[in-house]
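User: I'm new to this one, and I'd like to learn how to read it. Could you walk me through a few features?

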Amino acid sequence: MESSQFTNQQLADGGFERLECQGATSETYCVKLYGKLHFVKRLKAEHVNDVRYQEAFQKEFETGYRLEHQGLPRYISKTDDGILMEYVDGETLTERMTRNPSYFSKKNTKKFILQLLDVVSYLHAHQVLHLDLKPDNILLTRIDSDVKLIDLGCCYTDTFIDTQGHTKGYAAPEQLHGGVTDERTDIYAIGKILEQIPGLQIYNKVIARCTADNPAERYQTVGQLQKDLSSPKRPYLILLLPIILMVIVAVVFYPSSRPVQPAEAPKVVDTIVRVIREQPAEAPVRQESERPVSRTPQKSEPASMEPEMDEQMDEAYQATIATFCDSVFPPQTPSSGKAWADATTSFHNQTLQIANRLIKKYPNIPESAIRQDCENHFQSLVSSVFNQMRANAQP
């Protein structure tokens, strides 16, 4: 790619101001061009003639130049030995945590996390893995403390497959041991970043899942992580299930001062099923860039999407809750009740993954419509198995 209209001489004439924060392989400056501040990143003298670092700079510029997101600084031009970018007036997350730890109230922390996830999700949607997420590569603007993610020098894309380096303490095990990197590698680093933020004990379970050594045990996509942090859980899966099990144990298994009549257990189950069915469907999370959609999916949608969804949902169903069709409800033991809860939760997690894959594959169908279709299918299958379990319990 050719260098753009800015030449080294023009940059030199603009007057450089060396910045306090310098990179490991690059020098950084602020320069004023046409009355506007810009950021200049140049290779250090000892790396100027090193092909590896030259290619890393080329990769960073070409990758960044095609991206457009409010959480990324704009890439403007590439000179012979450096990159000209939008200047961001702010401080790194490391600096903010050191200088102003009291900033991280519950409200500010939630805003920070959701903005970070939004920009990382955008990168993944455009086939880019950052692979060097860390506090030093996250800027918080001085006005409104918005997130700006910087430094794509270690990123992986479909066209630039070579990555250079990582940061110890934030790199996932697969980076350290030559394994395969994917979206879950960035999710690991996000978890390590969250560990550093003051007062985040309420996110301990989320952090533990992000930083699992085995990628299969982490969140599989940033979308799953966003949903877990920003959406209320489904009451019948998260809140009602423990209550249901306690009620069943209390009514069916434990004696009381009043003898329990045989007909009472089915009544309890009927009430539980009715409560589950009456739970309102959760409103799908809508990204800021998505326009409101007020329609139910109709037959006009691509015919290939529905069979594909049915096939994937059936595979997930067979792998999780299908075997419970031979079980009974109420469960015979607490362990069998827990097995049902675990299987149902696993089925729902797979449903979210299916929705995310279909959203990527069918961009012309509204995201909310696809999510709702998958959720409706999930609820229908769970209800069917649940009713079969209840029927199995009848004499």
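Analyst: Let's go from the overall layout to a helix pair, then cysteines and backbone angles. Keep in mind that this is a predicted model.

User: Okay, how many helices and strands are there in the protein?

Analyst: The protein has 13 helices and 10 strands. Of its 395 residues, 45% are buried.

User: Now a helix pair. At what angle do the axes of helix 11 and helix 12 cross?

Analyst: Helix 11 covers residues 305–320 and helix 12 covers residues 334–361; their axes cross at roughly 155° and come within 9 Å. An angle over 145 degrees counts as roughly antiparallel, so helix 11 is roughly antiparallel to helix 12. The crossing is right-handed.

User: Which residues make the contact between helix 11 and helix 12?

Analyst: On helix 11, they include Met305, Met309, Met313 and Tyr317. On helix 12, Phe347, Ile354 and Leu358 are among them, along with Arg357 and Lys361. Sorted by class, this contact has 9 nonpolar, 5 polar and 3 charged residues.

User: Next, cysteines. How many disulfides does a search of the whole structure find?

Analyst: The search finds 0 disulfides. To count, a pair of cysteine sulfur atoms has to be within 2.5 Å. Take Cys155: its closest cysteine sulfur is in Cys154, and at 8.3 Å that is too far for a bond.

User: Is Cys155 buried or exposed?

Analyst: Buried means under 20% relative accessible area. Cys155 has 0%, so Cys155 is buried. Cys374 counts as buried too, because its relative accessibility is 1%.

User: Last topic: backbone angles. What is phi of Gln127 near?

Analyst: Phi of Gln127 is near 60°, which is a positive value in a residue other than glycine. You'll find Gln127 in the loop between helix 4 (106–125) and strand 7 (128–129). With a relative accessible area of 44%, Gln127 is partly exposed.

User: And where is Leu131 found?

Analyst: Leu131 sits in the loop between strand 7 and strand 8 (138–141). Phi of Leu131 is positive as well, near 70°, and again the residue is other than glycine. Its relative accessible area is 6%, so Leu131 is buried, whereas Gln127 is partly exposed.

How values were computed: Residues numbered from 1 in each chain as written. Predicted model: local features only at pLDDT ≥ 70, side-chain atom pairs only at ≥ 80, totals over all residues. Heavy atoms only, no water. Axes fitted to C-alpha atoms, helices over the stretch in contact; angles between N-to-C directions. Helix = DSSP H or I, 4+ residues; strand = E, 2+ residues; numbered from the N terminus. Parallel < 35°, antiparallel > 145°, perpendicular 65-115°, else oblique. Left-handed = near helix turned anticlockwise from the far one by under 90°. Contact = heavy atoms within 4.5 Å. Nonpolar A, V, L, I, M, F, W, Y, C, P; charged D, E, K, R; others polar. Buried < 20%, exposed > 50% of the residue type's maximum accessible area, 1.4 Å probe, protein only.
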